[in-house]
Amino acid sequence: LVVAVTGHRPHRLQQAQTERLAAQVRQLFDDLAALAPAIAVRSALAEGADRRLAELALERGCALQALLPFPREAYRADFATAASLHEFEQ
């Protein structure tokens with residue numbers, strides 16, 4: 001089963017929204033695990049929701065497939081801070 005994700009950057013999400021989203025995604029992965037033996041998540045790994053859902057997928061043992069909207073080097077230039085770039089690389 002493949003789940004694709006896209007979402008908002010962090011400055012558009014409030015902490016309460018992020019926490020609620022994480023709980024809902026954990027429940028979704030639990031529900032999907034009952035239906036499919038393997039789950040892959042596709043994400044562009046943009047800052048914010050894309051990365052958070054990718055982290056949650058990895059916590060659940062899902063495969064992560066990064067679908068970048070630009071060539072890797074061009075995409076890397078989009079991240080404003082060294083911390084964000086490091087997180088993307090991880």
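Mentor: Before we turn to bridge partners, one term is needed: two strands pair if DSSP finds at least two bridges between them. Please keep in mind also that this is a predicted model.

Trainee: Which residue in β2 is the bridge partner of V5?

Mentor: Strand β1 covers residues 2-5, and strand β2 covers residues 40-43. The two strands are joined by four bridges in the parallel sense, and two bridges are enough for a pair because that is the criterion. In β2, the residue bridged to V5 is S43.

Trainee: In what order do the three strands lie in the sheet?

Mentor: β2 also pairs with β3, again in parallel and over four bridges; in this pairing R42 is bridged to Q65 of β3. The sheet is open and its pairing is parallel, with the order β1-β2-β3. β1 and β3 stand at the edges with a single partner strand each, so one side of each has no neighbour in the sheet. From one strand to the next, the twist averages 25°, and the order asked for is β1-β2-β3.

Trainee: Which residues of β1 lie on its covered face?

Mentor: In a regular strand, side chains alternate between the two faces of the sheet. β1 has an uncovered face with V2 and A4. Its covered face holds V3 and V5.

Trainee: Which element supplies the largest share of the largest nonpolar core?

Mentor: That core has 12 residues, among them V3, V5, F29, V41, L53 and C62. At least two of its residues come from each of β1, α1 and α2. The largest share, four residues, comes from α1.

Trainee: How many residues are in the second, separate core?

Mentor: In soluble globular proteins, nonpolar side chains tend to be buried together. Here the second core stands separate, and A44, A54, Y75 and F79 are included in it. Its residues number seven.

Trainee: Is R51 buried or exposed?

Mentor: R51 is found in helix α2, where A49, D50, L53, A54, L56 and A57 are among the buried residues. The cover over the buried residues of α2 includes β1, α1, β2, β3 and α4. With a relative accessibility of 4%, under the 20% cut-off, R51 counts as buried.

Trainee: Which residue's backbone oxygen does the side chain of R51 reach?

Mentor: Leaving aside neighbours within four places in sequence, R51 is in contact with L45, A46, F79, S84, E87 and F88. The side chain of R51 comes to 3.0 Å from a backbone oxygen, and that oxygen belongs to S84.

Trainee: What separates the C-alpha atoms of G48 and F88?

Mentor: G48 is found in the loop between β2 and α2, and at 18% relative accessibility it counts as buried. G48 and F88 are 40 residues apart along the chain. Their C-alpha atoms are separated by 11 Å.

Trainee: What is the radius of gyration of the protein?

Mentor: The protein has four helices and three strands, running β-α-β-α-β-α-α from the N terminus. Its C-alpha atoms fill a box of roughly 40 × 30 × 15 Å along the principal axes. For 90 residues, a compact globule would have a radius of gyration near 12 Å, with which the protein agrees, its own value being 13 Å.

Note on methods
Residues numbered from 1 in each chain as written. Predicted model: local features only at pLDDT ≥ 70, side-chain atom pairs only at ≥ 80, totals over all residues. Heavy atoms only, no water. Buried < 20%, exposed > 50% of the residue type's maximum accessible area, 1.4 Å probe, protein only. Contact = heavy atoms within 4.5 Å. Polar contact = N/O pair within 3.5 Å; in protein donor to acceptor, adjacent residues only side chain to side chain. Axes fitted to C-alpha atoms, helices over the stretch in contact; angles between N-to-C directions. Core = buried A, V, L, I, M, F, W, Y, C linked by side-chain atoms within 4.5 Å. Rg over C-alpha atoms; globule rule 2.2 N^0.38 Å.
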